[in-house]
Amino acid sequence: MRTTSDPPQGATRPGVLLAVVMTGVLVVAMSISGTAVAVPSIGSDLGASGAPLHWVVAGYNLTFAAFTLVCGSLADLFGRRLLFAAGAIVFAAGNAVGALVGDVLVLDAARLAAGVGGAAIMASGGALLATFFEGAARTRAFAAMGTMAGVGIAVGPTLSGLLVGAVGWRAAFLVYAAVGLLILVGSLFITESRASDRPRVDWAGATTFIAGLALVMFAVIEAPEAGWTSPEALGALGAGAVLLVLFLLIERRVAQPVLDLALVRNGPFMAWCLATLTTSVGFLGVLVFLPTYLQGVQGVGAQTAGLMMLMLTAPVLVTPLLGGWLITRGVSPRGLIILALLFVAGGNGLLTVLHPQVGPLALALPLALIGTGMGLSFGITDGQAMTLVPSAKAGMAAGFLNTLRGGAEALVIAVFGAVLTSVVAARTGSVEVAARATAGDLTGPGSGALAEHLTAAWDIASWGVAALSLAATAGVAVLLARRRKAPGGERDAAGREGDVVPG
């Protein structure tokens, strides 16, 4: 029952709402994974490498992560359909500009704007689903949202690779812009809804969160070239950390915070948030940087790289539905998510088979394991997490969940790229050479040795991600086990004790 949220007025057809929101989720996810395949072509066309080129992908993820939390609360306040439509406009405009520019810094700015639009689409889309659906239908809607995000991640590299190979990288951005306009038209057929209370916007919290995350990202991306101990990197990292701590202090004091810290104290909710964060960490580095490795080291084209990435992304098309089906047949969500996280960790560990002459067969098992784990997570985490919060906080909770996911994606892209660049720079003695290598440019004398250096950097990054994923898996298991042992555990709709608790 909704007690603090205005019920939607008028008649929005559930099928129309689902179609519009799912299309938005699909294209926002595609813009993350698809752009990665185009990075070598963008770098070659615009004469870019290093940090400016990394921002083409990382910048989108940064603003997506930073603004998703804010947009979730703004959607509850000003109107979920309004924010959804505004997001579609900004997303379309950012991609249209990106398709037309001739300078990498302008492209970075356009990608930053597109990320803001994507955040509004994702957060307000989740809030719309939580508002218009209840009970089991609500759980199914969020499971479908997670599935569609997985589909977007899965088809992005292949479709973008085909577009880049056929007509160039700009075509991919034009496609995203066109879909953004289509979403805008679809929003006209959705009824507006908002929270019944009209609190003041927590601008202090929103500003400190966005600025803090941006400074941390800036430090990680720029450090390989500026130096990890440079005043620029240390200053940005320190200032970002201070602002994020200040953000938490502000949220504890304000009457209407952009993030209700009660969500953070909800152990089961945080367990599912940690799970989705873990799969993002284990998946995104491979998704973004492996196509560049294949194109730079093996000399394959964007189309071939996109097709090879199907070994990673194709399981994401199937396993979300499998995960939902298994849960309806009585399989424990706890056990299923632990298995998914172990797949992700194991796949990253096995990815150390990567070498300059590696063939598709050797990559099949590690990539399939990572993709299967990611897909299982997509199919269950959103639905399980959103059953733990009341409808009045749906926008905030959806924003928080997607902020953690987007933040993990943004940071893993930044850290993964920084590790590759730093290791290659240490082995070659040249930051410039390392920047070109991680951007896929291994031409010139010594290309064979450079390929070996890049492969060694990949080994270090893969082992690091595997270890981090295992540690996070243990954390998820502990949080969910504690809930299972709690006396008087609530039962979900299927009668399983301990998987779902009240928000």
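Which class does Ala96 fall in by relative accessibility: buried, partly exposed or exposed?

Guide: Ala96 is partly exposed, at 27% relative accessibility. The scale is simple: buried is under 20% relative accessible area, exposed is over 50%, and partly exposed is in between (1.4 Å probe, protein chains only). This is a predicted model, so residues are numbered from 1 along each chain as its sequence is written, and local features need pLDDT of at least 70, with side-chain atom pairs counted only at pLDDT 80 or more. Totals for chains, interfaces and linings use all residues, while side-chain values use heavy atoms, leaving out hydrogens and water.

Ala96 sits in helix H3, residues 80-100. Helices here are DSSP runs (H or I, at least four residues), and strands are E runs of at least two, numbered from the N terminus.

Now to helix H1. H1 packs with helix H4 (residues 104-132) at about 160°, the axes being 9 Å apart. Axes are lines fitted to C-alpha atoms, for helices over the stretch in contact, and angles run from 0 to 180 degrees between N-to-C directions. H1 is therefore roughly antiparallel to H4; the cut-offs are under 35 degrees for roughly parallel, over 145 for roughly antiparallel and 65 to 115 for roughly perpendicular, the rest being oblique. The crossing of H1 past H4 is left-handed, that is, the near helix is turned anticlockwise from the far one by less than a right angle (clockwise is right-handed). Contact means heavy atoms within 4.5 Å. On the H1 side the contact residues include Leu17, Val21, Gly24, Val28 and Ile42. On the H4 side they include Leu107, Gly118, Ile121, Gly125 and Phe132.

Next, charge. Side chains of opposite charge can pair when their charged atoms come close. A salt bridge is a side-chain nitrogen of Lys or Arg within 4 Å of a carboxyl oxygen of Asp or Glu. That rule gives two salt bridges. One joins Arg170 and Asp45, 3.5 Å from N to O. Arg170 is in helix H6 (residues 170-187) and Asp45 in H1 (residues 14-46), so this bridge ties together parts 125 residues apart in sequence. Arg170 is partly exposed at 25%, and Asp45 is partly exposed at 43%. Asp441 also bridges to Arg436, with the closest N and O atoms 3.6 Å apart. Asp441 is partly exposed at 29%, as is Arg436 at 26%.

Last, the rings. Rings of Phe, Tyr and Trp (its six-membered ring) pair if their centres lie within 6.5 Å; planes under 30 degrees apart are stacked, over 60 edge-to-face, the rest tilted. Tyr293 and Trp458 make an edge-to-face pair, 6.1 Å centre to centre with 70° between the planes. Tyr293 lies in helix H10 (residues 267-297) and Trp458 in helix H17 (residues 447-485), so parts 165 residues apart are tied together. Both Tyr293 and Trp458 are buried. Phe416 and Trp458 have ring centres 5.0 Å apart and planes at 65°, so that pair is edge-to-face. Phe416 belongs to helix H15 (residues 394-428) and Trp458 to H17, so this pair ties parts 42 residues apart. Phe416 is buried at 4%, and Trp458 is buried at 1%. Phe289, Tyr293, Phe416 and Trp458 form one aromatic cluster.
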